Amino acid sequence: MEITFVFVVHYMIEERQSSSGKVVFHNEKLGHKYLALKKPVAQLKAASALNRILVLCDNTLTLLNMFDLEPILSGAKVKGVTCFCLNETPSRGSPFSVEICVALKKKQLQYYTATEDRLIHVKDISLSEPAVSLGVDGSYICVATTSQYCMVNYESGHMQDLFPFDSETSKPLIRRISKEEFLLSGPSALGMFVTSAGISQRPPLQWSENLMGVSYIHPYIIAVNDEFITIHSILDQQQKQAIPFQGGSFIGNFDGKMFVASQKEIYSLVPVAWEKQVQSLLADKRVSEALDLARNANRVGLSKDKFSKVFRRFEQQAAFIEFSQQHFEEARELFKEGQVDVREVLSLYPRLLPSNCNFTRSVPLLHEIADVNQLSRGDETVMKEYRNFLRLYLEEIRGTKDAVGYKQEIDVGLLKLYAEVNSPELVPLIAVDTGCDLKDCVDWLEKYERHHALALLYKVHKENDKALAVWMRLINGDIKDENFLGLDFVAEFLANLSDHELVWKYVDSILVKDAQLGVRVFTERPAKEPPSERLRPEAVIDYLHRFPEAVITYLEHLVFQKKLEKEKYHTHLAVLYLDAVLQLMKENNVKKEHLDIARSKLRHILQMSNLYRVQLILGKVKQTDMYAECAILYGKLEEHDKALRILVHKLKDYGAAETYCLVNSQGKDPSVRKRLFHILLSVYLDPSYEQRDSLVQPAVTLLNSNLSEFDTVKVIQSIPENWSVSLLSQFLMRTARKSMNSCRNIRIERMMSRGENLQVTQNSIEMQRNYVTMNDDRMCAMCNRAFGDTSFVRYPNGVVTHVHCAKNKHVCPVTGKLFSTKQS
């Protein structure tokens, strides 16, 4: 008959570090306790908060003192127990007790609260089968019976079946993973994750057969069988490591220390620091696994800021690994998330960093990439992809917080990339808030023949002379650039240039190419530009004498837009207009519309302006048949009779004659209009004119016009005696109506004046009825002082004050009463 001796042995295990840096363990036996029981110990758990050890042996759960291993004298024990489990996250959370769930042989669970000296029974839960394994978290108990797993809420008593298993082929194992989540050993060597709701939120693990135990230390699941220890990651459920280990029988996590035992020995599993694990994964280019591990690592002893710094460096390393593998989208995100110094990226591209940038790569190095030439290995397609990636990355971070302090490096890099491919973004980059440096970019732009961009860069750096020199070469065809905007652009630039020396230096080239465009340099100056001796109108006009059309345009600008009232500008423009008309009249086959336009311009300035030398212009015009212009000029000389005779006798334009009277009397005394219309009528009725009979109808039309104004008596005196009354009936009727209307209006005004006079007289009489007695005792109602003279103010309510005390004649200063402001 075999005799079994059951002992509980107390060891102290101390972790030390050898001189070589290797972790070693020193153990020392502190004591042992013989248990007078017949079977081996099945379970052993420490309740550190109570300084107690719970021992399950021979189906009896006993409390021992943690230090001397003596049983508790109160005899705290439970019999008939098959297994038990501590609740590490109790819902009640008392610091002076622990909660224990016990499985009994009689298809029952019992819930206890353990104190230092007793086990307090809390609740019984009935099962359909005996329990063989337990796991507890909060209010939930995960139970493995002889044929299936189930989830029990011990507070409500609700029970939910999970899935069956074969106890003959697999050992039921339950391990708490996180809040209300358990890992169970399932069929076909699967590790099944189950929540308190009875569902799985993670894919299962694929384990080896014949598992003896499972433990968890974030983020790893560690399992042991009789041949191996396997490590799976809870993050992706993949096996990460397998360690040969013969005869494994137990594994457990004891306050973060992992111990594994065979039948004869106990070993410690010392995890490699998570930082080294991440670094190892990165070395194997397993970027996703490495970052997942870093995010979920057990960061004991690291502050939030320190962890962020460590994790950021891992992201930076990962970014360059993805970059080297041409995973550009992933690399771009990691460059941003890891806040990689943009110069680290630019340094991989030869000659893209500014020459004045004294950048040195990070130490220790984030990568071992020499440059993109090493990565592309001469493949132009790959190189193009790398350069396109950099362009997109720089565009994305430009102007963001990631670009703070590196504006020059980013802009210079983008300029060089844009110049290589002639990107349409090159010009906007330079034109708007650029950080591009001349020293690095000039040669690059010249190399790729981006001449317009080069000129813009000179302009941005205030080197306008060099910019204009490049543009002039483009205008002259010495160099070419399809992005150059042409003469218009350069003319506009000169028009806004404050350096007038440069304006004179380059404007001639514009005028030679296009005089009308060139004159815009002078006509489209900034509105707030201060006066300059170099750009005096006289100097500009003298300079433009070689370009007649430009002179006319410039004078039009001075006269019509700037409205300068100087006789020489107006006279000069009128003379030029007249010369243009005379020149067209001399030419053969000239188009009528061209001549009409030229004469229209001349007539406009002759009519509009009062500043030109009329006699000078008239002397030239009289020698031609330009009768309309002569009429305007005679009008300016107040020689209206001559002007109207030209319009009537020469041009026979009676409508123009009537318009002449209206235009030349506009804004003047009404008598001027009457005088002009009488002059026109006298021209129509001139008995010396040979064709006077042809003017009878225009004269009658004039008299009947609603726009004309006449003195009726003078008209009757001037008309020929042979005219019939019927010919003048309309004029006479209109005149009579007008005279009667005027007479009636005068009568109405006279009667209204009489009524107003009576009203004023009545008011005066009423006011004189009320008198004011002034004597030495009368005081001012406002200041309560005596009146020093005879002047005073009396308000309608009887208040009397000094004149200077009456601030407002409509408001009583004493009562504040408002009196009517209407005049009586």
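**The cores and the overall form**

Tutor: Of the 171 residues in the largest nonpolar core, those that touch the most other members are Phe323, Phe335, Tyr349, Trp471, Val490 and Leu544. A nonpolar core here is a set of buried Ala, Val, Leu, Ile, Met, Phe, Trp, Tyr and Cys residues joined through side-chain atoms within 4.5 Å, where buried means under 20% relative accessible area, exposed over 50% and partly exposed in between, with a 1.4 Å probe and protein chains only. Domain 1 (276–325) and domain 2 (638–723) both give residues to this core, so it lies between them; the domain bounds come from an automatic or database domain assignment.

Student: Before we go on, what kind of model is this?

Tutor: This is a predicted model, in which local features need pLDDT of at least 70 and side-chain atom pairs count only at pLDDT 80 or more, while totals for chains, interfaces and linings use all residues. Residues are numbered from 1 along each chain as its sequence is written, and side-chain values use heavy atoms, with hydrogens and water left out.

Student: Ok, so which residues is Phe323 in contact with, leaving aside its neighbours within four places in sequence?

Tutor: With those neighbours left aside, the contacts of Phe323 include Phe328, Ala331, Phe335, Leu348 and Tyr349, contact meaning heavy atoms within 4.5 Å.

Student: How many helices and strands are in the protein chain?

Tutor: The protein chain has 27 helices and 27 strands; these are DSSP runs numbered from the N terminus, with helices (H or I) of at least four residues and strands (E) of at least two. Its radius of gyration is 56 Å, well over the 28 Å that the globule rule gives for 824 residues, so the chain is more spread out than a compact globule. That radius is taken over C-alpha atoms, and the rule is 2.2 Å times the number of residues to the power 0.38.

Student: New topic: is Phe320 buried or exposed?

Tutor: Phe320 is buried, and Phe335 is buried too. Phe320 lies in helix H3 (residues 304–324), whereas Phe335 lies in helix H4 (residues 328–337).

Student: And what about Arg473, where is that found?

Tutor: Arg473 sits in helix H12 (residues 464–476), and at 41% relative accessibility it counts as partly exposed. Leaving aside its neighbours within four places in sequence, Arg473 is in contact with Asp478 and Ile479.
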